[in-house]
Amino acid sequence: MLGALRRKVASGRSSASILGKSLQAIRPGVSASRVSSNAGEEMLSVQLRGIAHVRNFSHLVLPGCSAGLTKTRDAICIIQPEAIMQTSCRAFSSGDGDLVDAVVPFMGESISDGTLATFLKKPGDRVKADEPIAQIETDKVTIDVVSPQDGVIQEYVAKEGETVEPGTRVAVISKSAEGVAAAAPTEKKSEKAASEPSPAEAVKEDKPKAKVEASAAAAKPKAPSPPPPKRTASEPVLPPKERERRVPMTRLRKRVATRLKDSQNTFAMLTTFNEVDMTNLMKLRSDYKDAFVEKHGVKLGFMSGFVKATVSALQHQPIVNAVIDGDDIIYRDYIDISIAVGTSKGLVVPVVRDADKMNFAEIEKTINNLAKKANDGTISIDEMAGGSFTISNGGVYGSLLSTPIINPPQSAILGMHSIVSRPMVVGGTVLPRPMMYIALTYDHRLIDGREAVFFLRRIKDVVEDPCRLLLDV
């Protein structure tokens, strides 16, 4: 039928009446508004109940129908292209398009879910695009949930403490305040109607209530009480007491606890100690701190000196930079130093990449930047991934001596401590010296005591005489 209609139009014998009759044969009630034929091009415009415009009948394939139509087909289904376009582009829209959903973002390849820790905004607050409205706490970092567009928070569809995955809806944002204002009285009315049953329903429910309870009591004998459940190791074993409160562990704290315990169970850890005279390094810092700040815009600290000393020690003892993997030893030809940073939410370990290629200023800038991100909670997963050796500076908290725990999958960790003035014998004379204890915890399965002592001794030599770095001796 459509092919014959097209041939008639092409030959110039078409008219509004012919088109109308042909359309009536295909679909009754469909009127033709206009038919035009030109010598240069062929065009047929038909208004089908104001739904869509059909350009060429010979190329029209209808949804749910085959390409070759038969006479038994008495209905034509046409969908507006505009509607399809709007539907496919409205990934987060709901209702009339005024509402958009704020969802949990992608959290990293190694993170599949997180805990909705807190809401930063309240329903009814106006937010801007990309403004954080909630925080997701993961095993490693805290991730923000941001508003996709400017608008007003209509409601939160998730609750604090829930476990959420990437793509989970957290909040509904109204592009205009009208959606929030209109939703408020409707919700109140519906809640009131649901909470107050009608008098007729109340009477109906009261009458059979006594009969149902009596029959249920007569039909069901009293079941024996089940045995008390066995207590598992993860359940609380301490009875509640006065002036005590129980708080759930955060995901970050649980992850740190698990990794540290796994480290103890996996590695054959041994710690060796030494002490460092900080006189020369402190003098170097005092002499050049002003010029250093003026040129590089960052203060000269002790961490850059210890990182450079660690790099030198790792180059002299590459086994400390290696790791056991099954029955093999993986030697790393790069030096990525992890710096342990204690925050209010827990311990994080950002990584200084390619520390062997950095100078003092680059190391100080990188450490300051990573420490600031860690304290602000804006550090990313990539900035904490990897690392071949860790430095933990407990001296900033006043620690005199400690035995640090290895950060897997590494094989050793250096512990720095507080600087204390102690009497030391220098050239046969007892003099007060600023001294620091340093500790190296290592995996004794891979690293022998000889390599561990030489490693720590190299750090001591470089810190006590920084000129060794210039001469490479």
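Author: First a rule: two strands pair if DSSP finds at least two bridges between them. Helices (H or I, at least four residues) and strands (E, at least two) are DSSP runs, numbered from the N terminus. This is a predicted model, in which local features need pLDDT of at least 70, side-chain atom pairs count only at pLDDT 80 or more, and totals for chains, interfaces and linings use all residues. Residues are numbered from 1 along each chain as its sequence is written, and side-chain values use heavy atoms, with hydrogens and water left out.

Reader: How do you know that β7 and β8 pair?

Author: Five bridges join β7 (residues 132-137) to β8, and the rule asks for at least two. The two strands run antiparallel. Isoleucine 136 stands opposite isoleucine 143 in β8, and alanine 134 opposite valine 145. A hairpin of four residues leads from β7 to β8.

Reader: What makes β8 and β10 edges of the sheet?

Author: The open sheet has four strands in the order β8-β7-β5-β10, with antiparallel pairing. β8 (142-146) and β10 (163-164) each have a single partner strand, so one side of each is left without a neighbour in the sheet.

Reader: How do you know that β9 pairs with β6 and with β11?

Author: Two bridges join β6 (residues 126-127) to β9, and at least two are needed. Four bridges join β9 to β11 (residues 169-174). Both pairings are antiparallel. Valine 127 stands opposite glycine 151 in β9, while isoleucine 153 faces isoleucine 173 in β11.

Reader: Why is β9 called mostly covered?

Author: Five of the six residues of β9 (residues 151-156) are buried. Buried means under 20% relative accessible area, exposed over 50%, and partly exposed in between (1.4 Å probe, protein chains only).

Reader: How do you know that the span of helix α8 is close to the expected one?

Author: The expected span of a helix is 1.5 Å times one less than its number of residues. Helix α8 (residues 302-316) has 15 residues and reaches 21 Å from its first C-alpha to its last, close to the 21 Å expected. Of those 15 residues, 13 are buried.

Reader: Why is the pair of phenylalanine 389 and phenylalanine 455 called tilted?

Author: Rings of Phe, Tyr and Trp (its six-membered ring) pair if their centres lie within 6.5 Å; planes under 30 degrees apart count as stacked, over 60 as edge-to-face and the rest as tilted. The count by this rule is two aromatic pairs. In the pair of phenylalanine 389 and phenylalanine 455, the centres are 5.4 Å apart and the planes at 50°, so the pair is tilted. Phenylalanine 389 is in strand β19 and phenylalanine 455 in helix α10 (residues 449-464), 66 residues apart, so the pair links distant parts of the chain. Both residues are buried.
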